[in-house]
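Welcome! Here is a short tour of a protein chain, written for someone meeting it for the first time. Take a look at the structure, then read on.

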Amino acid sequence: PVHLLVIPERHVDTFRDVSAFEDAEAAAMLAFVAETAKEAGLTDYRVVVNVGPSAGQTVFHLHWHILGETA
């Protein structure tokens, strides 16, 4: 199993605050998530973002979990 984290350099607490990023910056972050998965050898994978404590967010800095398995 593969579990990667992608963490933007600029801080926002949660995905709820993603509008703080300019459109081009947000698009670049999502492209980076996809490229990271590809470089890890993943073709099928999940991208997870926990938003808020009741959804399991324990680290209050926006980040994406990339979960999958390599062949």
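## Surface and charge

The protein chain exposes about 4,800 Å², and carbon and sulfur atoms supply 56% of that area. Please keep in mind as you explore that this is a predicted model.

What about charge? The protein chain carries 4 positive and 10 negative charges.

## Overall layout

Let us step back to the fold. The protein chain contains 1 helix and 3 strands, and these follow the pattern β-α-β-β when you read along the sequence. Along its principal axes, the C-alpha trace spans about 35 × 30 × 15 Å.

## Inside the protein

Of the 71 residues in the protein chain, 31% count as buried. The largest nonpolar core has 12 residues. Among them are Val2, Val6, Val12, Phe21, Ala26, Met29, Leu62 and Trp64. Strand S1 (2-6), helix H1 (23-39) and strand S3 (64-68) each supply at least two residues of this core. Which element gives the largest share of this core? That is H1, with 4 residues.

## A closer look at Phe21

Phe21 is a member of the largest nonpolar core, and which residues does Phe21 touch, leaving aside its neighbours within four places in sequence? Phe21 is in contact with Arg10, Val12, Ala26, Met29 and Leu62. Of these partners, Val12, Ala26, Met29 and Leu62 also belong to the largest nonpolar core.

Conventions: Residues numbered from 1 in each chain as written. Predicted model: local features only at pLDDT ≥ 70, side-chain atom pairs only at ≥ 80, totals over all residues. Heavy atoms only, no water. Buried < 20%, exposed > 50% of the residue type's maximum accessible area, 1.4 Å probe, protein only. Areas by Shrake-Rupley, 256 points an atom, 1.4 Å probe, with all protein chains shown as cover. Lys, Arg positive; Asp, Glu negative; His and termini not counted. Charge placed at Lys NZ, Arg CZ, Asp CG, Glu CD. Core = buried A, V, L, I, M, F, W, Y, C linked by side-chain atoms within 4.5 Å. Contact = heavy atoms within 4.5 Å.
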